[in-house]
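Work through the exercises below with the sequence and the model in view. Try each task before reading its solution.

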Amino acid sequence: MQPKRHALTQLGEAGRRVFPRRDANCPVITHARGRKEDGHVAVPSWLVNLSEDGCLVTSDHFPKAVHDVYLVIPGLKSRVHGKVKGQGKYTLHVEFTTLLAADVVDRIGRIKTLAKR
């Protein structure tokens, strides 16, 4: 089976720009809001993969029909805002409203969790 490459952005006539997904395995807090809701709900979750323009987040506690989110990622001083492009039973496919820098994505991808002893 061939690995998938995600062509996520169009750069006009210059061709397609490809943001490869990087594996990530770190805890994040996802603040999720549905379409008809006023406030965000904080949900502890895991960042599965990440690119400059989006990510995949998983948790057992997402509300139904999530519309937009912001993520609190360890090591970043600001929140990362995004729109939900797809929702599974335990996952959210998030597209960021602004692109992350490539060095920030690499730094987040290198975060490793330590097992309890």
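**Exercise 1: Cysteines**

The structure holds zero disulfides, a disulfide being a pair of cysteine sulfur atoms within 2.5 Å. This is a predicted model, in which local features need pLDDT of at least 70, side-chain atom pairs count only at pLDDT 80 or more, and totals for chains, interfaces and linings use all residues. Residues are numbered from 1 along each chain as its sequence is written, and side-chain values use heavy atoms, with hydrogens and water left out.

Solution. 
- Step 1. Buried means under 20% relative accessible area, exposed over 50%, and partly exposed in between (1.4 Å probe, protein chains only).

**Exercise 2: A charge and a ring**

Task: find which ring the charged end of R79 sits over.

Solution. 
- Step 1. The criterion is that NZ of Lys or CZ of Arg is within 6 Å of the ring centre and within 35 degrees of the ring normal.
- Step 2. The ring is that of Y70, and the charged end of R79 is 4.4 Å from its centre.

**Exercise 3: R110**

Task: state whether R110 is buried or exposed, and how far its C-alpha atom is from that of A24.

Solution. 
- Step 1. R110 has a relative accessible area of 57%, so R110 is exposed.
- Step 2. R110 and A24 are 86 residues apart along the chain, and their C-alpha atoms are separated by 7.2 Å.
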